[in-house]
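Take a look at the fold below. Keep the sequence beside it as you read.

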Amino acid sequence: MSNEAHGATVRLTVAQATIRFLSNQYSERDGTEQRLIAGAFGIFGHGNVAGIGQALLQNEVARADGEQEMPFIMPRNEQGAVHAAAAFAKTTNRLQTYMCTASIGPGSLNMVTGAALATTNRLPVLLFPSDQFATRVPDPVLQQLEDPTSLDVSVNDAFRPVSRFFDRVNRPEQLIPSLLAAMRVLTDPAETGAVTIAMPQDVQAEAFDWPVEFFRKRVWHVRRPPAEPAALERAAALIRAAERPLVVSGGGTIYSGASEELRAFASATGIPVADTQAGKGAINHDHPCSVGGVGSTGGDSGNHLADKADLVIGIGTRYSDFTTASKTQFKNPGVKFVNINITPFDAAKQSAEMVVADAREALTALTAALAGHRVDQAYTEEIAAEREAWAARVDHCYHLGHGPLPAQTEVFGALNELLGDEDVVVNAAGSMPGDLQALWRARTPVQYHVEYAFSCMGYEVPAALGVKLARPQSEVVSIVGDGAYQMLPMELATVVQEGVKVIYVLLQNYGFASIGSLSESRGSQRFGTKYRKRAGGSHLGDEELIGVDIAANAASWGLEVIKVSSIDEFKDAYRAAAASDVATMIHIETDLYGPNPPGSSWWDVPVSQVSALESTQRAYEEYQRDREPQRHYL
């Protein structure tokens with residue numbers, strides 16, 4: 001360390017400075033501080049082993065000296081590492097995340113899918129892909145992409161469209177503004193997503209005299225912007241004038257910690273509350289105003305009310321095509337929208353009256369502005385009738401007694417009854433998110449963790465690790481289909497290595513159930529969606545099953561595996577897994593063909609306009625009819 005006229009400095013490499021800086025960053029909301037970067041995932045190669053890898057090693061060695069620690073976890077796949085970081089961030093309501101580092105070329109590029117998932121879901125993750133030499137002296141180095149039109153292009157430029165912030169540090173001095181800008185984006189509730197700082201491998205190892213002040217403790221305050229009074233008045237006026245208002249609650253409600261305020265709003269006004277995938281649990285399922293999922297994978301109760309709603313109050317939702325049923329769900333010709341969202345981009349959707357504000361602050365103010373207002377008794381009775389009818393359908397789906405193989409809805413029913421209020425169910429892709437949104441009875445905001453913005457197959461395996469790191473006190477149960485499992489199973493080894501106790505429920509049905517059903521409904525006859533041995537050069541028909549043993553594969557990663565064949569056996573296996581202190585997989589075969597919950601909505605997947613296949617011709621005729629209600633909400 002030296003003392004100069006402008007202040008004290010310390011000589012560190014760029015990588016060492018990065019780790020020291022990140023170890024002193026905190027987020028704060030509502031008076032509670034927490035480490036912003038809770039730890040590091042890293043897979044090392046020639047791009048980062050002597051840079052960030054050395055810095056993390058030095059950090060481990062320095063623990064005894066009382067320096068800030070940056071806990072390190074060695075994953076098996078770079079994409080899996082980012083998924084785990086995103087799941088951790090989602091579980092902490094975006095107040096914390098992990099950093100991820102990877103080597104040059106394919107290692108770093110593997111993180112792009114994870115970056116897209118984080119940004120699509122508005123979840124903060126911090127990525128350090130390694131890059132080519134800034135000096136360019138040894139170019140082209142191993143695993144470097146050469147672009148003859150520009151020597152500045154590398155594979156890491158692929159991160160630009162999927163990141164909320166992207167930078168490349170080509171000189172040590174650039175690290176200071178880059179990291180400060182990165183922290184701003186990570187902690188901005190409207191702008192957050194993947195933050196990517198590409199690190200040339202020679203720059204990582206380059207030494208520089210850093211201002212000591214750069215490494216001071218910094219607290220980044222997560223803002224809660226209140227609603228503009230005039231916007232609040234306009235929203236309240238629309239609500240008072242509505243006869244059939246409906247709330248659609250999204251992930252922003254949960255991230256804001258606004259569940260209590262949402263319940264108070266619903267109780268005071270009697271306005272029913274439907275949920276999106278990200279918003280499920282914001283209001284407890286047994287609240288008299290809770291009407292469940294809405295949209296393409298919603299239940300009858302939410303969708304029937306949405307069909308007739310004259311005012312939709314969107315809270316923290318981005319209105320995906322599943323929520324709007326591809327712009328067919330809200331059928332009332334005069335339907336209007338009020339959107340409460342911290343992001344103007346989302347608040348403006350559906351030509352809405354915009355309330356750009358934090359969900360908790362806006363709900364508190366709106367409840368006060370509507371004091372004394374309540375929906376008509378007839379509407380209250382209709383809400384109760386819809387709730388009762390759908391509850392009976394859920395009970396039926398949960399206890400089908402289907403055979404010889406159980407339906408996956410029966411597995412979900414068993415889990416829904418076995419999980420505690422503070423336990424977490426994890427899922428992401430296939431037919432399962434649809435069944436879960438329609439059926440799952442979430443009692444708390446933490447209980448339901450389904451990634452459906454990017455719906456990335458394979459997320460379920462590493463996500464369970466991230467959720468458990470954030471909530472060690474909870475049973476974390478990740479439901480994985482055999483298709484999703486084969487996409488990204490290798491983080492099971494990380495779970496075992498780190499001694500993280502999670503429960504995986506593997507549903508084996510020897511195919512892609514969701515896409516198979518979609519394919520059939522669109523006239524494509526489930527082509528290429530079943531795991532079968534090729535017969536006579538064709539994938540048509542039901543031929544012999546392939547000999548993949550997922551239970552044995554999971555055991556090879558180090559998990560305890562329990563194979564069951566009935567729902568009663570499944571319940572016993574779950575109780576055993578919950579009582580255990582090691583990671584466990586429960587393997588059960590389910591029926592590829594369902595049955596699934598009854599559908600009451602639509603999703604736009606175009607059908608071939610011309611075809612030689614009669615099945616496709618019929619599907620196109622149905623498609624033309626089904627899309628007739630589709631419209632822009634203007």
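The paragraphs below go from a sheet to a helix residue and then to aromatic rings.

This is a predicted model, in which local features need pLDDT of at least 70, side-chain atom pairs count only at pLDDT 80 or more, and totals for chains, interfaces and linings use all residues. Residues are numbered from 1 along each chain as its sequence is written, and side-chain values use heavy atoms, with hydrogens and water left out.

Start with the sheet. Strands of a sheet pair through backbone hydrogen bonds, either parallel or antiparallel. Here six strands form an open sheet, in the order β20-β19-β21-β22-β24-β23, and their pairing is parallel. The edges belong to β20 (448-450) and β23 (560-564); each has a single partner strand, so one side of each lacks a neighbour in the sheet. Two strands pair if DSSP finds at least two bridges between them. Helices (H or I, at least four residues) and strands (E, at least two) are DSSP runs, numbered from the N terminus. Strand β19 (residues 424-427) and strand β21 (residues 476-481) pair over three bridges. In this pair, V424 stands opposite V476 of β21.

Helices cover the sheet too. Helix α15 (residues 408-418) lies across β21, β22 (503-508) and β24 (584-589), running at about 160° to β22. Such angles run from 0 to 180 degrees between N-to-C directions, with axes as lines fitted to C-alpha atoms, for helices over the stretch in contact. Helix α22 (residues 567-579) packs on the sheet and touches β21, β22, β23 and β24. Contact means heavy atoms within 4.5 Å.

Now find S178 in helix α6 (residues 175-186). Is S178 buried or exposed? S178 counts as buried because its relative accessibility is 2%, and buried means under 20% relative accessible area, exposed over 50%, partly exposed in between (1.4 Å probe, protein chains only). Its side chain makes a polar contact with the side chain of D167 (2.9 Å). A polar contact is a pair of N or O atoms within 3.5 Å; within protein, one must be able to donate a hydrogen and the other to accept it, and residues adjacent in sequence count only if both atoms are side-chain atoms.

The whole structure holds 15 aromatic pairs. The rings of W210 and F214 have centres 6.1 Å apart and planes at 20°, so this pair is stacked. Rings of Phe, Tyr and Trp (its six-membered ring) pair if their centres lie within 6.5 Å; planes under 30 degrees apart count as stacked, over 60 as edge-to-face and the rest as tilted. Both W210 and F214 are buried.
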